[in-house]
Amino acid sequence: MKQLNVRSFLDRNAGLILSIPALFILFLMVIVPFVMALVTSFTNLSVKSLLNPNHLQITGVSNYASLLTDRAFLTAIQNTFFFTVLVVPLQTGLALLFAVIVKGTALWQKVLKTSFFLPVITSMAVLSVVWTLLLNPSIGPINTILSLLSIEPQPFLTHKSQAMLCIITMSIWQGAGFQMMVFLAGMQAIPKQLYEAAAIEHSSPWQNFRYVTFPLLRNTTIFVILITTIFAFKLFIQPHLITQGGPQNATMTIILQLYNQAFVNGSYGKASAISILFFVIVLTVSLVQRNLLPKEIKS
Amino acid sequence: MSNKKFNKVLLLVTAILLGIIFITPLLWMVYTSLLPDEEVLHGILSIKNLFSIKLSFQNYRDVFNRVPFFNTIGLTFLFTGTIATIGLFVNSACAYAFARLPIPGGTILFTLITALIIIPFETLAIPLFLMLGVKCNLMNNFAGLFLPYCAKAFNIFFLRQYFLLLPKDLEEAARIEDASWYRIYFSIALPLAKPAIITCVILDFITHWSEYLWPLIISNKSTFETAQIGLGHFYTLPPIQWGDIMAYSVMATIPMLLIFTLFQRHIVLTNATEGLKG
Amino acid sequence: MQRHLLQLFQALLFSLLFCILSCQKKAPQSVTIIKLWAHEGQPAEKEALESIFSAFNASQSNIKLVYEFKQEQGYGSRVIAAALAKDLPDIIEIDGPYTAQFADQGILTPIDGLITEEMRNDFLPTILSQGTVNDRLYTLGAFESTVVLYYSKDILKECAIPFPSASLDNAMQWDLFLSLLQNIKDKKPGITPLETFIPWSGEWLTYAFTPLIWSNNGKILDNKGNTVRGFLDNQQSIEALQQWQRLFKEKLSDHSLPEGLFEQKKAAFVWGIFNRWPLYKKAGLNFGIAPLPYITTPKSPSGSWCWGMTTQSKKKAAAWEVLTWIVSAKNGILPLCKANAGIPSRLSAIELYSEYSETRSLFIEQLKTTAQSRPITAAYGTLTLEISSLFYDIALGATVKEAVANTVIKLENSIKE
């Protein structure tokens, strides 16, 4: 009898019981830290005040105020936006092109698809290291090829105005395969009849793309752009590994600033302020995109 | 007509060229990892005497001699495996509950979960470090490494959508036969959702195998590093030997490649309707 | 494969052993354990340190020194993380200019109560000033560094330029130096008159070229380390930076060429760090050295990795004994300097190191008389980033006054905290 009671209790509350582990972890690992980040950002919490609590003070918005006038941080924001503005359209465009090329079952298309996708399943850290070798001014193959074409060797990552462009190129190369896959999945959902109808009207491949594929991929495109934008904003591994934000801050990004403030300088209050600002930026961008994109794509 | 043919050839040539450009860096990585140290310094010119160079696995042996690579790769497997396994059950159970079962305040709770997706991990990194690393003393500790990733709002959202699309027939039939919800979740819903779950597992695996920020933060010992962090350190560890570094890179990539190839086939073969056919 | 399995097995065995051993920790023992962290430099340097440490362990039986090498990349954040986890070793090695940061954060503890007057006087003054924050001594280094002018005897001969003197008394005045470079440029097209390693950027630029500002009686920072305004942007500093820009404007040096010009005999002079010496010797170059040129007063850089005691050390006396060993002339300084080509940090050690006092006495002379420590501030990381940016931008052709004004704005915020 008692056993039955327990059983029926368990069964009646199955929903809650099944969901509680995830809810609990999410609460502990997302909501609590988020609130903590918010609270910490209004204090001067640092290594100093953690080791000696007497130094801990509530400093109000001063972390935010000093960040927004801090040229180094503004440079980081600027670099991150520059990266995003170049990577998102180029990567999305390239991915769409790839998807159109490899859509099909011919062997060469399968091989190409794999080679486009390989960088995605090679981690960013590995690729950063590989590109550091490729772009090495003295022993890297790229400079050697350039010199064979009698072009001056380039400093690449060691030059202020080239470093970010190198990181952009390599990031586009790394991520395009992923978006290509998303586009391919989107293309599978396009009814075949539409292409058949187009074939009857003798439309060219370009017209096929322009009037059938692209319009029907609208939602996929929005999704891809959104995801890519957020990923682009998180730019960290490449500058952290390849350039440490240099030369002369040319590849300093928001997350690298966050990391340096927290784990190199030990200023957790200030770093938390950066993380909250970062959250606000990501939130704003995704809200804006969600509202703006459909119109732009229609026109 | 010939114009069309020309176009086709042009497309093919462009495509193949792009493919070559895309694959070259990775081939270069593998090539360099097999080169003797003195040839690495010749860069691309070493290709000229490709046939006289003895390619060898010496660099791979060097990696094992210079750093505890087995340790590193073992930790990485453990890390990704634990997250994928725990995540599989925790997330799918929650998703199933929200898809099928009554939960007090369910709609609000689910909206909240969806809202959590937008919070980037980077925003949580510092408090998590202070909480887990400093307060709970979990620096260089396995629990500290995987705990933040056990539940994932996005996976819950994604799996719930999938559960909602599944037909209810099987579950209703089981319900009539007096099976408990737990049984139904475990032996009916979970197998039915296999494609979605495998997708989650692969995505988790790829993301966490490549995970960088958190493993970097929560470790300050060279014996407690995932492959990514280990590589990051190895490549600045004097003496800088590019052959060794590339060997490390190749070895840090192979597991991900293998698992992806294995599981990818699975995705294609499984089908959402399989459960009903049987 | 089998060997690796064996290794794995061994590792398991060792960890088991370790567990057993650590359980037995409570057994009575009179040995004091001192933990130490060092940064992992070049293999030769690491080996030298290892043998210094094990020589210490062999020399007595009361203290057991347990050391760990930590990688240079991310070294600072490892120290911080360990401090928060209350897991700091007793002694840490740190990069000199960061002494102020770690002292301010409460990671380093002063050692001026432990050092004797006699010992203090034996150190080069730059070692002491690098280790002193708010009048308290925190760190001691075993070696020093400097920058001199290296010149190619062959190229100078071909240009009929007499070799510059290696004596500090005859250091070249800046205008004279530039006219020499101009002379070389006119006579030998294709030769870069001066190699400056600008692509190294980062710390190098701050370290190597701030002395030029000092040599015009300029400064980067006030003495308390609180402000750059009125120092970095005063007339002398700006003038010095303008002089520095001439190197690149007049094409006497190049900011983009990769390093190694001198080795390839494509550069006549090098603004070169001390440990280029063994490199150039090994390459069999025919070269000489001269003091750094100056604008109004000769100045030169200094600084190195150094050793300090942490606040979490409970065994100060024993830790001090270890530290004394590491910076002792015979047991610590000489073996290390022979491995990394460093300049001995103590007068008594310099005397013992005859090669140094003979062929490279200029290095020591500079350190004794013209050298200065890098600015002392808890925000050194930010400072050096901005200062090196400033040098770099100016090399690339930025307007000096504007660039300086920008840097001052950037730094005012972050340094005051």
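Analyst: A polar contact is a pair of N or O atoms within 3.5 Å; within protein, one must be able to donate a hydrogen and the other to accept it, and residues adjacent in sequence count only if both atoms are side-chain atoms. Across the interface of chain B and chain C, this rule finds six residue pairs in polar contact, both at pLDDT 80 or more. This is a predicted model, in which local features need pLDDT of at least 70 and side-chain atom pairs count only at pLDDT 80 or more, while totals for chains, interfaces and linings use all residues. Residues are numbered from 1 along each chain as its sequence is written, chains are lettered from A and ligands numbered from 1 in the order in which they are written, and side-chain values use heavy atoms, with hydrogens and water left out.

User: Which elements give two or more residues to the side of chain B that touches chain C?

Analyst: Elements here are DSSP runs, numbered from the N terminus: helices are H or I with at least four residues, strands E with at least two. On the side of chain B that touches chain C, those giving two or more residues are α3 (58-66), α6 (121-135) and α13 (227-234) of chain B. The most comes from α13(B), with three residues. By class, this side has nine nonpolar, seven polar and two charged residues, where Ala, Val, Leu, Ile, Met, Phe, Trp, Tyr, Cys and Pro count as nonpolar, Asp, Glu, Lys and Arg as charged, and the others, Gly among them, as polar.

User: How many salt bridges does the rule find across the interface of chain B and chain C?

Analyst: A salt bridge requires a side-chain nitrogen of Lys or Arg within 4 Å of a carboxyl oxygen of Asp or Glu. The rule finds one across this interface. E225(B) forms a salt bridge with R78(C), and their closest N and O atoms are 3.6 Å apart.

User: What area do chain B and chain C bury between them?

Analyst: The size of an interface is often given as the accessible area lost when the parts come together. Buried area is that loss for two parts (1.4 Å probe), summed over both. Chain B and chain C bury about 1500 Å², with 56% of it on carbon and sulfur atoms. F70(B), N220(B) and P238(B) supply 36% of the area that chain B buries against chain C.

User: And what is the area buried between chain A and chain B?

Analyst: The value is about 6800 Å², and carbon and sulfur atoms give 83% of it. With contact meaning heavy atoms within 4.5 Å, 79 residues from chain A and 79 residues from chain B take part. There are two salt bridges between chain A and chain B. K234(A) forms a salt bridge with E122(B), the closest N and O atoms being 3.7 Å apart. Helix α2 (residues 14-40) of chain A gives the most to the side of chain A that touches chain B, with 20 residues.

User: How many residues has the largest nonpolar core?

Analyst: A nonpolar core is a set of buried Ala, Val, Leu, Ile, Met, Phe, Trp, Tyr and Cys residues joined through side-chain atoms within 4.5 Å. Buried means under 20% relative accessible area, exposed over 50%, partly exposed in between (1.4 Å probe, protein chains only). The largest core has 212 residues; among those with the most contacts inside it are F236(A), W214(B) and I107(C). Its largest share, 14 residues, comes from helix α4 (residues 69-100) of chain B.
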